[in-house]
2 protein chains.
Amino acid sequence: MEESSDAGLALVSACRRLYSAIDRLDQAAAVKVGVNRSDLRALNELEHGPVRAGHLAEALGLTTGSISSLLDRLENLGLVTRGPDPSDRRAVLVSPTRKLFSELAPLYRGVAEQLIELAKGYGPRQQKSALKTLEDVVLVYERALDS
Amino acid sequence: MEESSDAGLALVSACRRLYSAIDRLDQAAAVKVGVNRSDLRALNELEHGPVRAGHLAEALGLTTGSISSLLDRLENLGLVTRGPDPSDRRAVLVSPTRKLFSELAPLYRGVAEQLIELAKGYGPRQQKSALKTLEDVVLVYERALDS
DNA sequence: GAGCAGTGTCTTGAACGTCAAGGTTCTTTC
DNA sequence: GAAAGAACCTTGACGTTCAAGACACTGCTC
């Protein structure tokens with residue numbers, strides 16, 4: 001029993017370290033492209049393609065007015081573009097630019113490559129188990145948000 | 001090889017989710033005690049006991065002047081106390097109060113307990129492997145900061 | 001005593017967010 | 001199919017917050 005408790009606390013500690021490391025990486029990324037952390041969160045939302053301005057407001061927990069000036073900042077930096085949403089002409093579709101990817105990718109690619117290397121070193125069975133571990137942990141944290 | 005790459009990317013994704021979940025948890029914690037995220041970072045530095053004001057300035061990347069007003073805010077909320085440092089009478093030692101722990105602990109305790117439960121369900125060998133996985137991942141992220 | 005390090009106070013400027021008003025566009029209702 | 005209402009975004013005024021910078025004070029070290 002004692003060991004389980006220790007292992008659990010070790011998990012907590014490791015998660016915190018991971019959080020801190022990712023946080024510092026994001027901080028470095030924000031400095032690199034010259035934006036604040038809120039803006040970077042918005043940029044992260046664009047990872048998989050265009051998104052509506054309203055969606056950003058909801059995702060970041062800001063008012064639409066805030067998002068407007070946020071988008072002004074990002075657009076001035078050439079990191080995003082605003083365009084019409086074909087499916088709703090009231091809406092604004094925010095798209096990432098090549099510049100965004102070319103500036104941010106190098107910072108994150110290293111990590112991704114190293115994690116792929118890590119996975120390679122694990123072998124099939126351990127890969128599955130490693131992934132399961134992480135997902136279990138994520139679920140614990142996500143469930144904690146509900147209560 | 002393809003699987004390794006997929007597994008690696010899955011790791012990236014899981015880490016991001018973990019980061020996001022912890023981030024939201026911290027956000028909830030900050031709201032709960034009525035401080036902003038910078039202040040919460042300072043509070044986290046106090047987790048293991050008293051700390052010098054100068055250390056906070058360094059850890060948070062702020063000037064000592066900024067730390068002064070930050071400490072004013074936290075002291076007014078009753079979350080920290082300022083006291084003399086026995087080993088250096090120039091220095092100010094910042095200590096967490098009981099109120100800090102009593103307000104913050106409930107939010108984080110749930111997660112800790114659940115992770116301990118998770119570890120229990122794993123069994124000794126899998127515990128070790130799970131922990132190793134997390135630490136490997138942490139190392140990847142931490143090393144990415146150097147480059 | 002001189003120089004240095006740690007901290008606090010005050011001022012200043014800028015950044016960020018909320019709020020309220022207003023212009024378009026979509027949707028619902030009659 | 002026209003009008004009312006809702007949804008989406010922008011804009012500008014406003015307030016708050018935050019951190020930098022200059023300066024003063026205290027105590028350490030030599």
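In which strand of chain B is B:Ser95 found? B:Ser95 belongs to strand β3 (residues 88–96) of chain B, where strands (E, at least two residues) and helices (H or I, at least four) are DSSP runs numbered from the N terminus. The model is a predicted one, in which local features need pLDDT of at least 70 and side-chain atom pairs count only at pLDDT 80 or more, while totals for chains, interfaces and linings use all residues. Residues are numbered from 1 along each chain as its sequence is written, and chains are lettered from A and ligands numbered from 1 in the order in which they are written.

**Surroundings of B:Ser95**

- Because B:Ser95 has 13 C-beta neighbours inside 10 Å, it counts as partly exposed (buried means 20 or more other C-beta atoms within 10 Å of its own, exposed 12 or fewer, and partly exposed in between, with C-beta atoms placed from the backbone).
- Leaving aside residues up to four places away in sequence, B:Ser95 touches B:Pro50, B:Val80, B:Thr81 and B:Gly83, a contact being a pair of residues whose C-beta atoms, placed from the backbone, lie within 7 Å.
- B:Tyr19 lies 76 residues from B:Ser95 along the chain, and their C-alpha atoms are separated by 28 Å.

**Helix packing in chain B**

- Helix α3 (residues 53–60) and helix α4 (residues 64–76) of chain B pack at an angle of about 110 degrees, with their axes 9 Å apart (axes are lines fitted to C-alpha atoms, for helices over the stretch in contact, and angles run from 0 to 180 degrees between N-to-C directions).
- The two helices α3(B) and α4(B) are therefore roughly perpendicular to each other, a term that covers angles of 65 to 115 degrees.
- On the α3(B) side the contact is made by B:Ala53, B:Gly54, B:Leu56 and B:Ala57, and on the α4(B) side by B:Thr64, B:Ile67 and B:Leu71.

**Sheet in chain A**

- Three strands of chain A form an open sheet in the order β1-β3-β2, with antiparallel pairing (two strands pair if DSSP finds at least two bridges between them).
- The edge strands, each pairing on one side only, are β1 (51–52) and β2 (80–85) of chain A.
- Six bridges join β2(A) to strand β3 (residues 88–96) of chain A in the antiparallel sense, and A:Asp85 has A:Asp88 in β3(A) as its bridge partner.

**Interface between the chains**

- In total, 44 residues of chain B are in contact with 45 residues of chain A.
- On the side of chain B that touches chain A, α1(B) gives the most, with 18 residues.

Key. Angles under 35 degrees count as roughly parallel, over 145 as roughly antiparallel, 65 to 115 as roughly perpendicular and the rest as oblique. Two residues are in contact if their C-beta atoms, placed from the backbone, lie within 7 Å.
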